[in-house]
Amino acid sequence: MKTRITELLGIQYPIIQGGMAWIANGDLAAAVSKAGGLGTIGAGSAPAEWVRGEIRKIKQLTDRPFAVNIMLLSPHAKDVVDVVIEEKVPIVTTGAGNPGIYMKQLQESGTKVIPVVPSVALAKRLEKLGVDAIIVEGMEAGGHIGELTTMVLVPQVVDAVQIPVIAAGGIADGRGVVAALALGAEGVQIGTRFIVAKECTAPHINYKQAIIRANDRDTVVTGRPTGHPVRVIRNKLSREFMELERSGASAEELEKFGIGKYRIAVEGDIDKGSILAGQIAGMVTKEETVAEIIQDIMATTETTLNRVRNAGMEAR
Ligand SMILES: O=C(O)COc1ccc(-c2c[nH]c(CNC(=O)Nc3ncc(Sc4ccccn4)s3)n2)cc1
């Protein structure tokens, strides 16, 4: 399948794996790149030297293109940018903030920059700064989210910019890919479904099982009063978090309550930790290899395109 995204990134399929903090390590990213997508190492809030180690690991595992996601709320973001440049990482995606301050040094080093944006305004500002493409992430996504849905935000950003758009949030099979293409996107970013991949070695099995067990209504958004809303799977901790919000706790108290809770879940305590995952968790029902996931996505893309085409023919 060929789009401006597959050409820009040198990948076989327009499938980008989300660079999820604490979860997307070199093992997962290498498996996705080897299977024809774009594997992404999630720097999250990790120190720059951890990121350097994962970059060197993926270079041992594959020659195919890969990316590093820079989470801009991380205290190590600047050092991670330096490491990305030193290690000649070809592609960077960014999240949770505006990458404007790093654009000059990244572009001078020839790194392709693809920011996640939650609004049309930021998409237009970043296109002017010279980013190579835009990931438009709807609030269906797991983790730190904006307020608008994929269905609403993608076509508005597509209308507002000339550079290619990647749709993210609520996508886990070919129906989501075809929907994204219909909205004007030329690629998709998938996070939640890759968390349960066999090659995703970081999260404890309890984390994966929480996603596999989740149904359509099992995620909630915590932390809205802090200005950093985060989508998680309902559990004991999210109920405590919502209780704290209802009791009128300040943004600082909520922020403090949330610190470190994500890592606790990744390490296996799914009662006391925050299980970051998207609304599509209800459609993620089994652990598979990355190759099986990508093959299923592309096969269901094909069957969906045929179904939509036939429906269109009959409608004439
Ligand atoms: O500066 C501005 O105009 C605001 O800019 C932005 C505001 C938000 C975003 C945004 C929303 N979603 C994303 C990409 N997705 C994510 O970044 N998802 C994440 N999940 C867990 C994360 S770890 C975390 C999260 C919050 C607080 C501390 N740590 S980051 N980027 C991007 C840019």
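The legends below describe close-up views of a predicted model.

Residues are numbered from 1 along each chain as its sequence is written, and side-chain values use heavy atoms, with hydrogens and water left out. Because the model is predicted, local features need pLDDT of at least 70 and side-chain atom pairs count only at pLDDT 80 or more, while totals for chains, interfaces and linings use all residues.

**View 1. Confidence of the model.**
The mean pLDDT of the protein is 97; pLDDT is the predictor's confidence in each residue, from 0 to 100. A value of 70 or more is reached by 100% of the residues. For the complex, the predictor gives an ipTM of 0.95 and a pTM of 0.97.

Side chains of opposite charge can pair when their charged atoms come close. A salt bridge is counted when a side-chain nitrogen of Lys or Arg is within 4 Å of a carboxyl oxygen of Asp or Glu. The structure holds 20 salt bridges. In one of them, the side chain of Arg52 meets that of Glu49 at 2.9 Å, N to O. Both residues lie in helix H3 (residues 48-61), 3 residues apart, about one turn of the helix. Helices (H or I, at least four residues) and strands (E, at least two) are DSSP runs, numbered from the N terminus. Arg52 also forms a salt bridge with Glu86, at 2.8 Å from N to O. This pair links distant parts of the chain, with Arg52 in helix H3 and Glu86 in helix H4, 34 residues apart. Arg52 counts as buried at 15% relative accessibility, whereas Glu86 is partly exposed at 47% relative accessible area. Here buried means under 20% relative accessible area, exposed means over 50%, and partly exposed is in between (1.4 Å probe, protein chains only).

**View 2. Asp82 and Lys78 in helix H4.**
The side chains of Asp82 and Lys78 meet in a salt bridge of 3.0 Å, N to O. The two residues are separated by about one helical turn because they are 4 residues apart in helix H4. Asp82 is partly exposed, with a relative accessible area of 24%, and Lys78 is partly exposed as well, with 44%. Elsewhere, salt bridges that share partners join Glu49, Arg52, Arg56, Lys59, Glu86 and Glu87 into one network.

**View 3. Ile85 in helix H4.**
Ile85 is found in helix H4 (residues 77-86) and is partly exposed, with a relative accessible area of 23%. Leaving aside neighbours within four places in sequence, Ile85 is in contact with Gln105, Leu106 and Ser109; contact means heavy atoms within 4.5 Å. Ile85 and Gln189 are 104 residues apart in sequence and 23 Å apart in space, C-alpha to C-alpha.

**View 4. Thr94 in strand E4.**
Thr94 is part of strand E4 (residues 91-95). Thr94 is buried, with a relative accessible area of 1%. Not counting residues up to four places away in sequence, Thr94 touches Asn69, Ile70, Leu72, Pro99, Ile114, Pro115 and Val116.

**View 5. The buried side of helix H10.**
Within helix H10 (residues 205-213), the residues Tyr207, Lys208, Ala210 and Ile211 are buried. They are on the same side of H10, because they cover an arc of only 155° around the axis. The arc is that of the directions from the helix axis to the C-beta atoms. Cover for the buried residues of H10 includes helix H9 (192-195), strand E11 (230-233) and helix H13 (261-266).

**View 6. A nonpolar surface patch.**
Leu148, Met151 and Val152 form a nonpolar patch on the surface, with about 270 Å² of accessible area together. Patches are made of residues with over 30% relative accessible area and no salt bridge, where like charges are joined within 9 Å and nonpolar side chains (Val, Leu, Ile, Met, Phe, Trp, Tyr) within 5 Å. Accessible areas come from the Shrake-Rupley method with a 1.4 Å probe, and for residues only the protein chains shown count as cover. Met151 lies in helix H7 (residues 150-160) and is exposed, with a relative accessible area of 57%.

Most residues other than glycine have a negative phi. Trp22 has a phi near 65°, a positive value in a residue other than glycine. Trp22 is placed in the loop between strand E1 (15-17) and helix H2 (26-34) and is partly exposed, with a relative accessible area of 27%. Lys88 has a positive phi of about 55° although it is not a glycine. Lys88 lies in the loop between H4 and E4 and is exposed, with a relative accessible area of 71%.
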